[in-house]
Amino acid sequence: MSNIYVQEPPCEGKVCLETTVGEIDIELWSRECPKACRNFVQLCLEGYYDKTKFFRVVPDFIVQGGDPTNTGSGGDSIFGVPFKDEFHSRLRMVRRGLVAMANSGKDDNGSQFFFTLAATKELQNKHTVFGKVVGDTIFNMIRLAEGHLEDGDRPKYPHKIIRTRVLINPFPDIIPREGINQEIEKGKKSKPKSKMKATKDFKLLSFGEEAEDDEESIDVASKSSKGKGKSAHDLAADPNLLKGIDEEDSDSSEEESEDDEEKKAAELNSIKDKFLKRKAEKEMMTIRTKLKKTDVVEEFLQKEQMDNKDDFEGEYECPLKKERMKRKEEVQKELKALTKEFQFKKKKDIVEDEPVEERMTEKERNNDMLLEYHKEQKKYKAKESIPKKKASREEETLAILAKFKNKLSGIKVDEEEQEESIADQKEAVDDDEEYEGDDWMKNTLRFDANDPVVAKDASTKDDDWFDIYDPRNPLNKRRRDKDKVEGDKKEKDRMKMAL
């Protein structure tokens, strides 16, 4: 039997740290260490540990982190001041995977924490143990200790906490404060944007004067066009290039384009209308078939089918007709099966109605046992069948019971006859014989008395009386001797008589 028992209390909270080595799930002892757990959960909700490094690694001992400055001397608690240590008798540093608060002395807890990589009994009652790593994520926690170390316990390439997630919050009343990034952004003074327009210094270019003239002409053209599209014909001052089209040609072309657009729109609308009409008619047909199935609906559907032949591809089969034909076929099959069964039963009844004697052969008629069997069978068949209905069955049962009561009350038996019947009954029980007729009604039921036996009176002597005496009493001893002498004398006399 194992002598190792789990003495740690149950947890009531869960946090997930997403690190560069994978996720690390931490369950919290929020009931045993409420301050440390509240501090840790609120800092996780505020994103305080995001992008912080595990700056200290001691192989086979601890991995420390939780400092936003990554120096080991920073980090504040949610209370604004360091809070007190919280020790519990069932929380001991006897294994790896425990999470505890890092401090520089007694009651000096901030935001820094560490994971244990082995049993650290020397830290017992010096650091607050408030959580444990659970599941397979403990192997990710062990990977935090891997890597090259510099200056004793400083890793060259430290692992980081990417972000934190609170899976189960044991303190629903926590209200996260504004994050560090928000405070930093508030602290920065936002510079006002300059309203000055950018100016081009054409003096720096070798062809600055020409570029300046071109810029002026472009500005004038853009102002005149006011956002309209411009081309080289519009901007250039060449008289050979036409800046526009004649008004008449432009008007005629515009009218033609408008007419074409109207025609196209009309054709498109007609196609859409036809498509929508067909779709609506098909939907109506399906809806109507689901409605109450009457002859009127069927006639209406047939009429629509005849009127709108073009809209339907192929012949439209009415689902009402289909279902009706299907039902008709089922009914016909069932009717055929019933008629066959009825004919078979009828033939069987005709055969059974014939008298048994006519169907018997000469050998069967000479058999006395078989004749008795057929007589008994006929007698039981002649009996009235019990009605199946409940009311009629109850009435018949009550009538039979009343008849039996009357029969019992009508039988009168004398005492002598009754004694004889009792004697006969005993003999019949011994011989295991069956009664025939109504003679058994004359007998009375008598049961063995199971009354409790009353204690006997000591003052009266019955046949089963026994003398009780003490053999150690001298008076009883003399009486026994006397009885012995008398007994020997009687034995001698008997022997003499025999001789």
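This is a guided tour of the structure above, one selection at a time.

The model is predicted: local features need pLDDT of at least 70, side-chain atom pairs count only at pLDDT 80 or more, and totals for chains, interfaces and linings use all residues. Residues are numbered from 1 along each chain as its sequence is written, and side-chain values use heavy atoms, with hydrogens and water left out.

**Stop 1: the aromatic residues**

Select Phe40, Tyr48, Tyr49, Phe54, Phe113, Phe115 and Phe130, which form one aromatic cluster. The structure holds eight aromatic pairs; rings of Phe, Tyr and Trp (its six-membered ring) pair if their centres lie within 6.5 Å, and planes under 30 degrees apart count as stacked, over 60 as edge-to-face and the rest as tilted.

Keep Tyr49 and Phe113 on display: their rings form an edge-to-face pair, 5.4 Å centre to centre with 85° between the planes. Tyr49 is in the loop between helix H1 (34–45) and strand S3 (52–53), while Phe113 is in strand S7 (residues 109–116), so this pair links parts of the chain 64 residues apart. Helices (H or I, at least four residues) and strands (E, at least two) are DSSP runs, numbered from the N terminus. Tyr49 is buried at 0% relative accessibility, and Phe113 is buried at 1%; buried means under 20% relative accessible area, exposed over 50%, and partly exposed in between (1.4 Å probe, protein chains only).

Next, select Phe54 and Phe115, a tilted pair at 6.1 Å centre to centre and 40° between the planes. Phe54 lies in the loop between S3 and strand S4 (56–58) and Phe115 in strand S7, so the pair ties together parts that are 61 residues apart in sequence. Both Phe54 and Phe115 are buried.

**Stop 2: the cysteines**

A search of the whole structure finds zero disulfides, a disulfide being a pair of cysteine sulfur atoms within 2.5 Å. Select Cys16 and Cys44: the sulfur of Cys44 is the nearest cysteine sulfur to Cys16, at 9.9 Å. Cys16 counts as buried, at 1% relative accessibility. Then select Cys33 and Cys37, where the sulfur of Cys33 is 5.7 Å from that of Cys37, too far for a bond. Cys33 is buried too, at 0% relative accessibility.

**Stop 3: a cavity and a pocket**

On a 1 Å grid over the protein atoms alone, a cavity is a set of points where a 1.4 Å probe fits but cannot get out, and a pocket is an open set with protein on both sides within 12 Å along at least five of seven lines; lining residues have an atom within 4 Å of a point.

For the second largest pocket, with a volume of about 310 Å³, select Gln64, Ala102, Asn103, Ser104 and Gln112, the closest to its centre of the 20 lining residues. S7 gives the most to this lining, with five residues.

**Stop 4: helix H11**

Finally, select helix H11 (residues 368–382), whose 15 residues reach 21 Å from first C-alpha to last, close to the 21 Å expected at 1.5 Å a residue; the expected span is 1.5 Å times one less than the number of residues. Of the 15 residues of H11, the number buried is zero, so the helix lies largely in the open.

How values were computed
Grid points are joined across faces, edges and corners, and a volume is the space filled by probe spheres set on the points.
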